[in-house]
Amino acid sequence: MPLGFASPTPGKVYRLRKSLYGLRQAPRCWFALLAAALTSYGFKQLYSNYSLFTYEAQHIQLNVLVYVDDLIISRNDEMAVQQFKDYLSRCFHMKDLGKLKYFLGIEVARNSDGIFLCQCKYTLDIILNKTIN
């Protein structure tokens, strides 16, 4: 029972039917709900990395990487990823932030030669914070 909450019936507790932000169980409940939505779409969860889900059908391949409440989607078919985003929008309230630019301290840059990953901003933040403190 949460502190400060009095039950009208002693010895009885209430069961939550949905998770609430701030509770310890909230992240686990959110991930379980997301994983259920992804698997019902046809994704398979990797056992080597539980935060990575893959989908393969005919020539289509989608990958979803989950970090807390952020998703990174990689694909080989633009139409398939749009259909998948539409499905996610029906399941959850979500915001599409467009192409990946920055994630977990890694800057992502694209040009005609490929995709480049850089931690310059992260490194500068560490250096500047250490010199200021």
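Good morning. Let us begin with Tyr67, which counts as partly exposed because its relative accessibility is 42%, a value that lies between the 20% limit for buried and the 50% limit for exposed residues. Please bear in mind that the model before you is predicted.

Where does Tyr67 lie? Its place is in strand E3, which covers residues 60-67. Tyr67 also takes part in a nonpolar surface patch of about 310 Å², together with Val68 and Leu104.

I now turn to the partners of E3. On one side of our account is strand E2, residues 52-57, which runs antiparallel to E3 and is joined to it by six bridges. Here Ala57 has Ile60 of E3 as its bridge partner. The two strands form a hairpin with two residues between them, and Gln58 in that turn has a positive phi of about 50°.

Next comes strand E4, residues 70-75; E3 and E4 are also antiparallel and share six bridges. Opposite Tyr67 stands Asp70 of E4. Again there is a hairpin with two residues between the strands, and the turn includes Val68, whose phi is positive at about 55°.

Finally, let us consider the chain as a whole. The protein chain has three helices and seven strands, and their order along the sequence is α-β-β-β-β-α-β-β-β-α. Of its 133 residues, 20% count as buried. The accessible surface comes to about 11,000 Å², and carbon and sulfur atoms account for 58% of this area. Thank you for your attention.

Key:
Residues numbered from 1 in each chain as written. Predicted model: local features only at pLDDT ≥ 70, side-chain atom pairs only at ≥ 80, totals over all residues. Heavy atoms only, no water. Helix = DSSP H or I, 4+ residues; strand = E, 2+ residues; numbered from the N terminus. Buried < 20%, exposed > 50% of the residue type's maximum accessible area, 1.4 Å probe, protein only. Areas by Shrake-Rupley, 256 points an atom, 1.4 Å probe, with all protein chains shown as cover. Patch = residues over 30% accessible without salt bridge, like charges linked within 9 Å, V, L, I, M, F, W, Y side chains within 5 Å. Salt bridge = Lys/Arg side-chain N within 4 Å of Asp/Glu carboxyl O. Pairing = 2+ DSSP bridges.
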